[in-house]
Amino acid sequence: MMERVALELQRTAMKRRDQVDDFDKFGRSAFNRYYYAVFLIVRDLMLEFNSRWAGSHSSIPEMLRGTVRGEISRFRSAANKRGNSEQSEAANRAIAAIHSLATLMEEANRLRVTADYNPAIRVEDQGGERFALVSTNITEAHQWPSNATLYVALIQRALRLARGTI
Amino acid sequence: MELSDTVDEVLARHHITAAGPLIMNPTVDGGVYIPLSIRRDSEGRQIPASRVLADIQRDLQELGVVAEYHLVDETARVIDEGLRESLVERFPNLIDKAVVSSEGGSVQVWIDTSHEVDSAQAATIKEHVQRYVELFNVRSFKVGVASEAKLPSNLELISLIRRLSPVDCYTLQSELLARKFDVPSLTWLNHKLDTMRKAGLVVRMENRHYAVTPEALQRLGTSKGRNSPDVARLLFLARGGK
């Protein structure tokens with residue numbers, strides 16, 4: 001849902017590219033909403049990981065690389081000991097996905113902070129259907145939510161295998 | 001001293017120039033993002049090196065500035081985009097979506113597909129990625145096929161049966177669907193169950209309910225603590241098997 005809001009903002013920005021202020025405000029808001037879409041996707045994972053999770057936005061990448069990765073690593077070690085290669089493969093995929101997801105969260109958050117708190121840094125028109133904020137293209141931001149969904153699914157599946165909660 | 005002056009001074013000490021105006025991050029005390037252009041030498045090493053970037057962060061930390069980087073890596077972006085496009089073009093019937101991300105000179109590729117990818121196809125995809133990254137100074141790469149994206153694996157099926165046993169194929173199907181898995185048909189599911197039964201992983205009881213064998217339990221393993229699969233099983237039983 002939130003990615004649809006973002007896409008509408010992205011389209012409105014394109015439609016109003018001749019009105020510089022409108023273009024800038026709709027454009028940067030699109031970055032903000034794409035970040036928020038990612039946050040909502042990742043929040044579900046964090047809540048499944050720990051139902052009492054109430055961490056801040058900026059603590060998510062650290063927690064992914066810390067406690068979430070830790071639990072999956074322990075599962076992988078145990079799987080290796082039992083010689084269950086299917087399980088350790090699932091854990092390997094999840095660990096790679098954790099790394100990618102943490103990096104994606106950091107990037108998206110950085111763009112959100114730029115969009116929200118740095119009004120002097122403007123959205124740049126790049127022609128065609130493209131515009132950018134500090135050289136990150138809106139088409140990249142558009143892919144954040146679906147990429148996050150893919151990573152979250154890989155992490156979730158390993159976590160559920162580890163916990164028997166599938 | 002202004003935060004931006006502090007950053008400029010420390011950057012100058014390390015002979016580094018920011019690629020644009022600093023990005024203030026008021027969500028963190030003393031937080032700032034430093035935009036930097038990244039290049040690579042002929043061996044694919046990053047310039048400025050990660051070590052230099054870490055030194056700058058440490059120096060700034062001592063002055064109360066929490067700095068992170070906004071790295072602008074044009075080459076990496078072009079490689080990522082090109083690779084993504086080439087994959088979808090080369091394997092139009094196999095790959096629904098390719099996700100490419102690179103960091104520190106190593107590339108990660110995720111293939112998402114609605115079909116099952118056999119090992120020969122996976123090898124062809126991997127080869128394609130390898131040939132592509134060899135053109136650039138990419139130091140390492142990894143291809144993950146998120147294959148059978150929505151189909152439950154045998155492992156996932158056994159794990160679910162462990163928790164819900166004794167369970168029939170109808171309940172199993174609806175539980176899988178509730179967990180957003182694809183179940184092509186009951187025939188497909190029964191075929192899976194049959195294969196697992198022949199492999200000695202599940203038993204079928206008189207009333208066509210399934211349970212896991214000691215062999216399967218052994219393979220699944222368990223762990224201690226709050227998140228143990230045994231706890232998940234006990235909670236299921238405590239709820240009266242619902």
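Axes here are lines fitted to C-alpha atoms, for helices over the stretch in contact, and angles run from 0 to 180 degrees between N-to-C directions. Helices (H or I, at least four residues) and strands (E, at least two) are DSSP runs, numbered from the N terminus. The model is a predicted one, in which local features need pLDDT of at least 70, side-chain atom pairs count only at pLDDT 80 or more, and totals for chains, interfaces and linings use all residues. Residues are numbered from 1 along each chain as its sequence is written, while chains are lettered from A and ligands numbered from 1 in the order in which they are written.

**First stop: two helices of chain A**

Select helix α2(A), residues 20-49, together with α4(A). Their axes lie 8 Å apart and form an angle of about 145°. The crossing of α2(A) and α4(A) is left-handed (the near helix is turned anticlockwise from the far one by less than a right angle; clockwise would be right-handed). Contact means that the C-beta atoms of two residues, placed from the backbone, lie within 7 Å.

Next, select the open sheet of three strands, with order β1-β2-β3 (chain A) and antiparallel pairing. Two strands pair if DSSP finds at least two bridges between them. At the edges are β1 (124-125) and β3 (136-137) of chain A, each of which pairs on one side only. Strand β2(A), residues 131-133, is joined to β1(A) by two bridges in the antiparallel sense. Within this pair, Glu124(A) is opposite Ala132(A).

**Third stop: where the chains meet**

Display both chains: 28 residues of chain A are in contact with 36 residues of chain B. On the chain A side, α3 (60-82), α4 (85-117) and α5 (138-163) each give two or more residues. The most come from α4(A), with ten residues. That side of chain A divides into twelve nonpolar, eleven polar and five charged residues.

Now select Thr165(A), in the segment after α5 of chain A. Is Thr165(A) buried or exposed? Thr165(A) is buried, because it has 20 C-beta neighbours inside 10 Å (20 or more other C-beta atoms within 10 Å make a residue buried, 12 or fewer exposed, and numbers in between partly exposed, with C-beta atoms placed from the backbone). Beyond its neighbours within four places in sequence, Thr165(A) contacts Arg160(A) and Ala232(B).

Most residues other than glycine have a negative phi, and most peptide bonds are trans. Select Ile47(B) and Pro48(B), joined by a cis peptide bond with omega about -5°. Pro48(B) belongs to the loop between β4 (46-47) and α2 (50-62) of chain B. Another cis peptide bond links Ser165(B) to Pro166(B), with omega about -5°.

Finish at His15(B), whose phi is positive, near 60°. His15(B) is in the loop between α1 (3-13) and β1 (23-25) of chain B, and is exposed, with 8 other C-beta atoms within 10 Å.

Notes
Nonpolar A, V, L, I, M, F, W, Y, C, P; charged D, E, K, R; others polar.
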